[in-house]
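Have a look at the picture first, then read through the points in order.

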Amino acid sequence: MPRPRKFDERHVLDQAREQFWSTGYAGTRMDDIAQATGLGKGSLYGAFGDKSKLFHRVFGDWCTTVLEVAEERLTGGPDAEALARLSGYVHLMAENTASDTERRGCLLAKGAAELAQQDPTVAGQSAETMRGLQTLLRTEISAAQRHGDIDSAADPERLAALLLTVVRGIEAVGKAGLAPETLRSIADTALAVLPTPGGKNHPAAERGPGREN
């Protein structure tokens, strides 16, 4: 009969995530994770497998969190509020990047850039997460079209892909050192160019939530 684990699995995974996030996959040794978690390497291998399997677990959990954050902002609600939900999500991503003073970026982007080319698991998790984000954005764009806030003749799939690229791109340029106000301006501009029946700028796109008039 296997002995029960005498550690908090969630805490260990959180500490492993922080280590991978800080030093990358290649730059992280199991010795580093053992030191960060306080567990011996034998316990780590016994509970989670080798470094690759542990990273897959951490990376998969992070991808789930990315989708959950998006779902909190983009799932459900009246069509009349769909554009505001889109605006809130895009601005939230810009603010999160602006507040990342260590410039670590998102573990999703970092892991995919380092490993997706040679690791099918990371490639698959990354692609699935991006498809999920695009679906959430497309659903809200379609709702805004039904309400008349976005031109109904526009292709919601293409607009969703555009906003997804902007959101993920904000993180990349923020990590490279662009100023927080520039990141916020990118979010404003991306929302402002969404096509409207009257060709006017979206009021919800002019200013993100929590910012001064």
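1. How many helices and strands does the secondary structure of the chain come to? Nine helices and zero strands. Reading along the sequence, you go α-α-α-α-α-α-α-α-α. Keep in mind that this is a predicted model.

2. Now for the overall dimensions. Taken along the principal axes, the C-alpha atoms fill a box of roughly 65 × 40 × 30 Å. The chain has 213 residues, and 41% of them count as buried. Its accessible surface comes to about 11,200 Å², with 51% of that belonging to carbon and sulfur atoms.

3. Helix α5 is worth a look. It covers residues 82-98, which makes 17 residues, and reaches 24 Å from its first C-alpha to its last, close to the 24 Å expected at 1.5 Å a residue. Why is α5 described as largely enclosed by the rest of the structure? Because 13 of its 17 residues are buried.

4. Arginine 103 is partly exposed, with a relative accessible area of 43%.

5. Go back to helix α2, residues 30-37. Which of its residues are buried? They are Met30, Asp32, Ile33, Ala34 and Thr37. The cover over these buried residues includes α1 (9-23), α3 (41-48) and α4 (51-74). After α2 comes glycine 38, with a positive phi near 80°.

6. Lysine 41 lies in helix α3. Leaving aside residues up to four places away in sequence, lysine 41 touches Met30, Asp31 and Ala34; two of the residues on that list, Met30 and Ala34, are among the buried ones of α2. Lysine 41 itself is partly exposed, at 36% relative accessible area.

7. Proline 156 makes a handy landmark. Threonine 139 and proline 156 are 17 residues apart in sequence and 8.1 Å apart in space, C-alpha to C-alpha. You'll find threonine 139 in helix α7 (residues 120-147), and with a relative accessible area of 44% this threonine is partly exposed.

8. Last, the cysteines. The disulfide count comes to zero. Cysteine 63 is in no disulfide, and the nearest cysteine sulfur, that of cysteine 106, is 7.9 Å away. Looking from the other end, the closest cysteine sulfur to that of cysteine 106 is in cysteine 63, and 7.9 Å is too far for a bond, because a disulfide needs the two sulfur atoms within 2.5 Å. Are these two cysteines buried or exposed? Cysteine 63 counts as buried at 5% relative accessibility, and cysteine 106 counts as buried at 11%.

Notes. Residues are numbered from 1 along each chain as its sequence is written. This is a predicted model: local features need pLDDT of at least 70, side-chain atom pairs count only at pLDDT 80 or more; totals for chains, interfaces and linings use all residues. Side-chain values use heavy atoms; hydrogens and water are left out. Helices (H or I, at least four residues) and strands (E, at least two) are DSSP runs, numbered from the N terminus. Buried means under 20% relative accessible area, exposed over 50%, partly exposed in between (1.4 Å probe, protein chains only). Accessible areas come from the Shrake-Rupley method with a 1.4 Å probe; for residues, only the protein chains shown count as cover. The expected span of a helix is 1.5 Å times one less than its number of residues. Contact means heavy atoms within 4.5 Å.
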